Amino acid sequence: MGSVDETTIGYTEWHPIKQFLRYPGYEFALIVLNQSINDEGLFRDLWSIAATRVAADGGANRVYDIYQKSLLRKNIPPSAGNYVNLDAIIGDLDSLSEQSRSFFTTSPANCKVVHDPDQYSTDFAKAVKFVRKDFPSMDIVCMGGLGGRVDQGLSQIHHLYLFQTSPTYADGRMFLLSGESLSFLLKAGKHHIHVREPDAIIDNFVRMSGDPFAKYVGIIPVKEPSVITTKGLEWDVENWPTEFGGQISTSNHVLPETKVIEVETTKDVLFTIALKHGAEEN
């Protein structure tokens, strides 16, 4: 997303739907974290269009589990269950199972396994650095974001701040994605977040559409207090101080007619929006 429509009259533009439908100029790298993948359809959509696919250590086990499950599902085309094209596994490899390692390093798979024993860096951080080295400035989607243990979830938010220090996202943008929500960092300034794309072109996607988001929105001042102004939400605010221990905006609602949410913030804040639940797969 970094190279397309970045700003409009002082606003940073966000088109997550176009990102996940891989419109030209919205390519991304997919990092799979070591957390349960609860929405296989969404994962399959992202896997099929990612420019590269990297597992953070035990994240490879999660992909292998999805592969095994896909073999049992009669309603999935053979190509959809083909998860052998994982490009790399990186980490200290203390979580990588022998079954996963064997699967991803045996033909037709051709996965690179990188052992990085550094105990002062998380597997998530190692995966981000690996992607940034080979695909500089490319946006990154992290599957498994904000799921599982609380300390892991806080660590993932920490990584959004750690790897996006540029006020213009010069190193690429990062997204945390789970089966429940999408979260990303809004730098200090003005933002347009396009939450509905009624004219989006949908082609062979299982879960992604032009209207994939549910109504719930949060704007969280994780690092430091901020002052925010919003438009397009049920409970909009203007010049509203927000901080932990004070007041924060959670469980707000996107209005039914809203296509673009406007957020102005004096400091970096976490933006999170819920996903609609996909239909149950047989």
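Predicted model: local features only at pLDDT ≥ 70, side-chain atom pairs only at ≥ 80, totals over all residues.
Residues are numbered from 1 along each chain as its sequence is written, and side-chain values use heavy atoms, with hydrogens and water left out. The protein has 6 helices and 16 strands; these are DSSP runs numbered from the N terminus, with helices being H or I of at least four residues and strands E of at least two. Its radius of gyration is 19 Å, close to the 19 Å that the globule rule gives for 282 residues, so the protein is as compact as a globular protein of that length. That radius is taken over C-alpha atoms, and the rule is 2.2 Å times the number of residues to the power 0.38.

**Overall build**

- Along the principal axes, the C-alpha atoms fill a box of roughly 55 × 45 × 30 Å.
- Of the 282 residues, 54% count as buried (under 20% relative accessible area, with exposed over 50% and partly exposed in between, using a 1.4 Å probe and protein chains only).
- Take the contacts (heavy atoms within 4.5 Å) with a separation of 6 or more: residues 24 or more positions apart account for 71% of them.
- The accessible surface comes to about 13,200 Å², and 51% of it belongs to carbon and sulfur atoms (Shrake-Rupley method with a 1.4 Å probe; for residues, only the protein chains shown count as cover).
- The 26 positive and 36 negative charges have mean positions 2 Å apart. Lys and Arg count as positive and Asp and Glu as negative, while His and the chain ends are not counted; each charge is placed at NZ of Lys, CZ of Arg, CG of Asp or CD of Glu.

- α2 is mostly covered, with 9 of its 10 residues buried; among them are the charged-type residues Glu40, Arg44 and Asp45, along with Phe43 and Trp47.
- α3 (residues 59-70) has 12 residues and runs 17 Å from first C-alpha to last, close to the 16 Å expected at 1.5 Å a residue (1.5 Å times one less than the number of residues).
- Buried residues in α3 include Gly59, Ala60, Asn61, Tyr64 and Tyr67.
- The cover over the buried residues of α3 includes α2 (40-49), α4 (98-104) and the strands β3 (28-32), β4 (52-56) and β5 (88-91).

**Phe103 in α4**

- Phenylalanine 103 sits in helix α4 and is buried, with a relative accessible area of 16%.
- Beyond residues up to four places away in sequence, Phe103 touches Tyr64, Tyr67, Tyr83, Val84 and Ala109; Tyr64 and Tyr67 are buried residues of α3.

**Helix α6 and His159**

- α6 (residues 150-162) has 13 residues and reaches 18 Å between its end C-alpha atoms, close to the 18 Å expected.
- Gly153, Gln156, Ile157, His159, Leu160 and Tyr161 are buried in α6.
- Those buried residues pack against α5 (123-134), β8 (174-177), β9 (181-186), β11 (213-220) and β16 (269-275).
- His159 has a relative accessible area of 3% and touches Thr122, Phe124, Ala125 and Met174, leaving out residues up to four places away in sequence.

**Thr242 in β13**

- Threonine 242 is found in strand β13 (residues 240-242) and counts as buried at 2% relative accessibility.
- From Thr242 to Met143, 99 residues apart along the chain, the C-alpha separation is 28 Å.
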